[in-house]
Amino acid sequence: MGNANVTITDGSSVHGNSAGINGGGLSVTGKSTVTITGGSSVHENSAAKDGGGMSVMCNASAALTGGSSVHTNTAAGDGGGMHISSNVRLLLTGGSTVRGNSADQNGGGIFVYYFSSVALTGGSSVQGNTAGQSGGGLMLSYEGNLIVSSGSSVDSNSAGVLGGGWLLWISAM
């Protein structure tokens with residue numbers, strides 16, 4: 001199987017979808033890339049397990065640029081907005097946001113697991129997300145990496161147990 005590349009652009013949206021397991025709005029796996037740009041959004045989606053808005057796994061990559069957003073998604077497990085796992089790279093730049101998402105477990109905005117990384121740059125933000133357990137904004141676990149730079153922020157998030165903004169767990173870096 002080859003690689004897949006998807007671009008969502010020019011104010012387009014992935015909206016009002018649900019999944020019985022992971023990736024309520026969309027699920028990306030393998031050596032694939034999804035780019036959400038130009039004020040586009042993934043919003044009001046739900047997952048019965050992980051990644052209410054998006055699930056990105058297994059060597060895939062994702063980028064939110066140009067004021068795009070992942071917002072108002074829900075997950076019964078981890079990653080209300082996004083579930084990032086297994087050597088995945090996520091970039092948020094250009095004022096993009098992950099906001100107003102909720103997870104019953106961990107990582108209300110973004111759950112980052114197993115050698116995966118998130119970079120917030122260029123005034124991007126993770127804000128107003130909630131987690132029933134830990135990592136209201138983000139939870140990074142098992143070698144997860146986080147970079148916040150260039151006027152970006154993690155703010156106004158909440159968690160029921162640990163790490164309202166973010167939680168670094170086990171051997172996270």
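In this predicted model, a search of the whole structure finds six aromatic pairs. One of them joins Y113 and Y114: the ring centres lie 6.1 Å apart and the planes meet at 35°, so this pair is tilted. Both partners are partly exposed, Y113 with a relative accessible area of 35% and Y114 at 36%. Y113 also pairs with Y142, and with centres 6.4 Å apart and planes at 35° this pair is likewise classed as tilted. Because Y113 belongs to strand β16 (residues 110–113) while Y142 sits in the loop between β20 (138–141) and β21 (145–148), the contact ties together parts that are 29 residues apart in sequence. Y142 is itself partly exposed, at a relative accessible area of 32%. Ring pairs link F111, Y113, Y114, F115 and Y142 into a cluster.

The nonpolar residues form a further element of the picture. In soluble globular proteins, nonpolar side chains tend to be buried together. Here the largest nonpolar core comprises 28 residues, and M54, M82, L90 and I110 have the most contacts inside it. The surroundings of L90 illustrate this: leaving aside residues up to four places away in sequence, L90 touches A62, L64, M82, I84, I110, S117, V118 and A119.

Attention may now turn to the strands. Strands of a sheet pair through backbone hydrogen bonds, either parallel or antiparallel. An open sheet of six strands runs in the order β3-β7-β11-β15-β19-β23, and its pairing is parallel. At its edges are β3 (18–19) and β23 (158–159), each of which pairs on one side only. The partner of β3 is strand β7 (residues 46–47), joined to β3 in the parallel sense over two bridges. Within this pairing, A19 has A47 of β7 as its bridge partner.

The charged side chains remain to be considered. Side chains of opposite charge can pair when their charged atoms come close. How many salt bridges does a search of the whole structure find? The search finds one, in which the side chains of K49 and D50 meet at 3.9 Å, N to O. The two partners fall into separate accessibility classes: K49 counts as partly exposed, at 44% relative accessibility, whereas D50 is buried, with a relative accessible area of 7%.

Note on methods. Residues are numbered from 1 along each chain as its sequence is written. This is a predicted model: local features need pLDDT of at least 70, side-chain atom pairs count only at pLDDT 80 or more; totals for chains, interfaces and linings use all residues. Side-chain values use heavy atoms; hydrogens and water are left out. A salt bridge is a side-chain nitrogen of Lys or Arg within 4 Å of a carboxyl oxygen of Asp or Glu. Buried means under 20% relative accessible area, exposed over 50%, partly exposed in between (1.4 Å probe, protein chains only). Rings of Phe, Tyr and Trp (its six-membered ring) pair if their centres lie within 6.5 Å; planes under 30 degrees apart count as stacked, over 60 as edge-to-face and the rest as tilted. Helices (H or I, at least four residues) and strands (E, at least two) are DSSP runs, numbered from the N terminus. A nonpolar core is a set of buried Ala, Val, Leu, Ile, Met, Phe, Trp, Tyr and Cys residues joined through side-chain atoms within 4.5 Å. Contact means heavy atoms within 4.5 Å. Two strands pair if DSSP finds at least two bridges between them.
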